[in-house]
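Biologist: Please put the model on screen. I have some questions about packing and pairing.

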Amino acid sequence: MQSTTVVRKSSLGSPPLAPLKTDVPPKGTLRLSPRGRKSPLSPLAAHLRRSKPDEPIIGSDNVSPDLSFFDQGVIQGSTGSGYSRLNQNRHNFSNLELGPGTNLRAAANQHFRRCIITGLRKVQPEESEACILLTEALKARRKYMSDNPNVDDDIKYTVTKAKDFRNTIEPDYIQPSCPNERKFPEKSKHKFEMVKGVFQAWNEVEGKGQSKRFKAIPVEVYFEDLIELMEIISHGPCKTFCYNRLRVLEARFQLHLLLNDHLELLQQKDVSHRDFYNVRKIDNHVHHSACMNQKHLLRFIKSTVKKHPCDIVSKKDGKERTLAQLFDDLKLTPYDLSIDTLNMRAEKTFHRFDKFNTKYNPIGQPLLREVFLKQNNYIKGRYLARLTRQVFDDLENNKYQFAEYRISIYGRKKDEWQTLAAWVVDNKLWSKNVCWMIQVPRLYKLWKKLGKVSTFEEMLDNIFRPLFQATVNPGAYPKLSVFLEQVVAFDSVDDESQRERGYYDEMPLAHEWSNPENPPYSMWSYYMYANISVLNKLRKSKEMNTFTYRPHAGEAGDIEHLAATFLVANSINHGILLYHSPVLQYLYYLAQIGLSISPLSNNLLFCKYEDNPFPRFFRRGLNVTLSTDDPLMIHVTKEPLVEEYSVAAQVWKLTSTDLCEIARNSVLQSGFHPKFKTYWVGERYWVPGTLGNDVARTNVPDIRLQYRYELLNEEKAYIEFAKKSAEKQLGLEQDKTVHLQVLPPKIQLPAAKQVSTETCKKSLESVDVDQTLETSQKLEEKRVELNGK
């Protein structure tokens with residue numbers, strides 16, 4: 001083994017360290033290397049150091065990653081002098097001297113230990129093939145995401161930089177003004193119409209030409225991409241490659257914790273005031289009708305029956321009934337009510353989604369659900385509005401917990417939007433801690449059976465036409481226009497475990513779908529995405545807020561659901577079935593698609609807590625966060641989101657850094673305005689890695705985010721390198737094939753010592769030869785050879 005002496009230097013201003021005699025390891029070994037200002041950072045930094053030794057490290061404010069080092073064979077195990085220096089220029093991090101004035105954050109970020117995999121390794125043909133397919137899948141997703149604009153991506157909210165975080169000012173929350181007190185924009189010249197289940201819009205001034213229309217990607221293209229993606233998912237080499245990469249990611253995270261967990265803890269301790277309890281946490285997946293816990297609902301029902309017994313709450317057979325009469329019919333008094341009497345805890349519901357839904361009924365009575373938990377009832381949702389206001393007050397008092405509540409639009413009639421908007425606006429259900437989301441239950445089969453709709457297209461028209469009307473002419477729909485300003489996303493919900501047909505070539509499209517069966521999940525996903533995409537284009541042209549698509553997917557059912565959402569969804573809820581598809585799981589990692597997982601909810605329905613893949617997803621670097629789903633049926637404390645974090649921390653042994661990283665993910669996945677994300681995460685929160693993080697606000701050490709960022713870049717760069725290697729190899733093989741081709745058998749060469757060019761041309765006149773450069777070169781070489789003879 002070769003030996004070398006390395007002079008160790010401290011980048012923190014401390015005296016030079018003593019020389020360290022090290023051994024250069026043989027090829028193919030795993031090298032754990034800390035990095036300093038003058039020491040190797042990673043294969044990327046080593047490449048940069050070879051050309052510019054004094055250049056700042058990756059992750060600093062003025063340096064952007066350069067992945068060209070993959071083309072030079074560093075990761076593949078190049079044994080050149082540059083890579084030898086990478087192995088030689090190591091120093092012992094344990095001897096690093098940290099003075100009393102040392103910036104611990106900067107020091108830890110520059111010097112935490114990395115794992116570098118060395119050794120000569122050729123990219124195998126199967127790996128190259130897999131990387132090409134993965135690149136095509138990611139390209140397909142980018143096509144759909146770029147066709148669905150989001151105004152938040154265009155907002156570059158800037159705040160005054162403060163040296164001390166305590167001096168920054170939290171942005172003010174501006175409550176929506178009453179529709180009667182504001183002036184709406186005048187009606188625009190836009191027109192719209194539904195074409196085969198998808199709306200199209202255009203400006204009447206610019207004309208109705210196809211080039212001027214706001215349109216979505218055609219459904220035929222979508223199904224072609226989905227079929228191709230399903231082929232990639234089932235491709236053998238792809239599955240092997242992705243499975244191995246995921247295992248490497250998980251193993252490297254374990255090594256990272258072993259080497260750097262103490263440094264992450266030191267960096268957290270260096271931050272004043274912040275800890276897990278006072279970093280922002282957002283419940284990205286919670287249904288509004290179940291947003292309170294059982295004790296809260298019980299107290300509210302008891303209080304309402306005692307204080308308002310004479311309220312008329314329903315009408316039956318032409319007779320109005322008071323709340324007292326309703327409880328008399330049930331032979332109950334407020335004193336009789338208890339948690340057990342309510343019977344709303346989801347027990348014995350494993351794989352029984354139907355039984356789970358019945359738990360929404362207090363005391364098993366659908367009438368009580370209609371009175372207390374519905375907004376479209378005889379009392380116009382008065383009780384639910386009071387209950388919602390109490391939940392909002394609890395969140396505001398907590399200060400650091402936020403929620404995105406889902407409320408339903410069913411699509412059975414067009415006036416649902418007006419009713420919902422009036423309920424929200426009239427009861428002033430706004431809060432700086434809450435955003436609204438719209439969930440659309442996939443209930444076409446039920447509405448068709450009841451005669452509410454005749455085709456799937458009619459249901460889609462009921463869902464989206466009011467939104468286009470309010471966008472074109474806000475003044476004609478004032479309450480709906482105000483409400484839409486508080487809506488951030490759409491969701492698609494229902495039981496995924498139901499059987500569905502999946503023959504794309506035989507399925508009718510939305511305007512032809514009149515059979516009593518529910519359309520498959522993939523079709524729902526496309527038509528939801530397509531109409532949201534066109535609506536966003538129209539709203540963006542008028543400088544209005546836009547919406548994202550964040551459906552339920554991967555809780556149960558076919559893996560095709562997750563393939564569909566990979567193409568068209570901004571993020572998803574659940575996603576636990578990704579564990580069964582290594583290709584999709586790796587694609588979700590590369591694209592960093594958000595997963596809002598509810599382990600306690602999964603434990604009651606489809607996946608036992610100890611089998612939940614959440615910890616594995618987290619270790620592998622997927623963009624995961626925790627959410628509550630249905631606190632009314634699942635949780636027992638006043639803070640269900642903290643309860644979810646607490647159980648996960650105990651069962652899966654999550655550290656404080658882990659919890660804060662998960663909480664940070666919840667903020668980034670949410671639809672809250674960028675000005676709040678700027679205050680909660682950092683001034684450049686949209687930038688990956690340490691540049692988008694302020695540890696004083698998130699309590700997530702820069703070490704952790706730099707590690708995540710470097711690994712993701714390495715994976716992407718390796719895929720690109722393998723793809724280019726395959727293309728280069730393919731080009732060489734094609735070139736080799738051309739040069740090894742023999743002359744056609746029709747050629748008869750004259751037997752002469754000297755053959756002129758004219759003689760060769762005459763001999764070849766009867767030959768059908770393509771006039772390509774390669775053919776001309778071969779003929780010229782043959783002529784020279786004959787003349788030489």
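Modeller: First, a definition: axes are lines fitted to C-alpha atoms, for helices over the stretch in contact, and angles run from 0 to 180 degrees between N-to-C directions. Helices (H or I, at least four residues) and strands (E, at least two) are DSSP runs, numbered from the N terminus. The model is predicted: local features need pLDDT of at least 70, side-chain atom pairs count only at pLDDT 80 or more, and totals for chains, interfaces and linings use all residues. Residues are numbered from 1 along each chain as its sequence is written, and side-chain values use heavy atoms, with hydrogens and water left out.

Biologist: At what angle do helix α6 and helix α19 pack, and how far apart are their axes?

Modeller: Helix α6 covers residues 236–269 and helix α19 covers residues 582–591. Their axes lie 8 Å apart, and the packing angle is about 55°.

Biologist: Which class does that make α6 relative to α19?

Modeller: Under 35 degrees counts as roughly parallel, over 145 as roughly antiparallel, 65 to 115 as roughly perpendicular and the rest as oblique. Therefore α6 against α19 is oblique.

Biologist: How do the residues of the contact of α6 with α19 divide?

Modeller: Contact means heavy atoms within 4.5 Å. Among the residues in contact are Phe 241, Arg 245 and Leu 249 of α6, and Tyr 586 and Tyr 589 of α19. Ala, Val, Leu, Ile, Met, Phe, Trp, Tyr, Cys and Pro count as nonpolar, Asp, Glu, Lys and Arg as charged, and the others, Gly among them, as polar. The division is 10 nonpolar, one polar and two charged.

Biologist: Is α15 roughly parallel or roughly antiparallel to α17?

Modeller: Helix α15 (residues 456–472) and helix α17 (residues 521–541) have axes 11 Å apart. The angle is about 15°. That makes α15 to α17 roughly parallel.

Biologist: How do the residues of the contact of α15 with α17 divide?

Modeller: Phe 464 and Phe 468 are among the residues of α15, and Trp 524 and Arg 539 among those of α17. The division is 15 nonpolar, two polar and one charged.

Biologist: Which strands stand at the edges of the five-strand sheet?

Modeller: Two strands pair if DSSP finds at least two bridges between them. The open sheet runs β7-β10-β11-β12-β13, with parallel pairing. Each edge strand has a single partner, so one side is left without a neighbour. The edges are β7 (281–287) and β13 (548–549).

Biologist: Which residue in β13 stands opposite Phe 490?

Modeller: Strand β12 (residues 487–493) and β13 pair in the parallel sense over two bridges. Opposite Phe 490 stands Tyr 549.

Biologist: In β17, which residue is the bridge partner of Ser 596?

Modeller: The four-strand open sheet has the order β14-β15-β16-β17. Strand β16 (residues 594–597) pairs with β17 over three bridges. The partner is Thr 625.

Biologist: How far apart are Phe 372 and Tyr 383, centre to centre?

Modeller: Rings of Phe, Tyr and Trp (its six-membered ring) pair if their centres lie within 6.5 Å; planes under 30 degrees apart count as stacked, over 60 as edge-to-face and the rest as tilted. The count comes to 35 aromatic pairs. This one is stacked, with 20° between the planes; the centres are separated by 5.4 Å.
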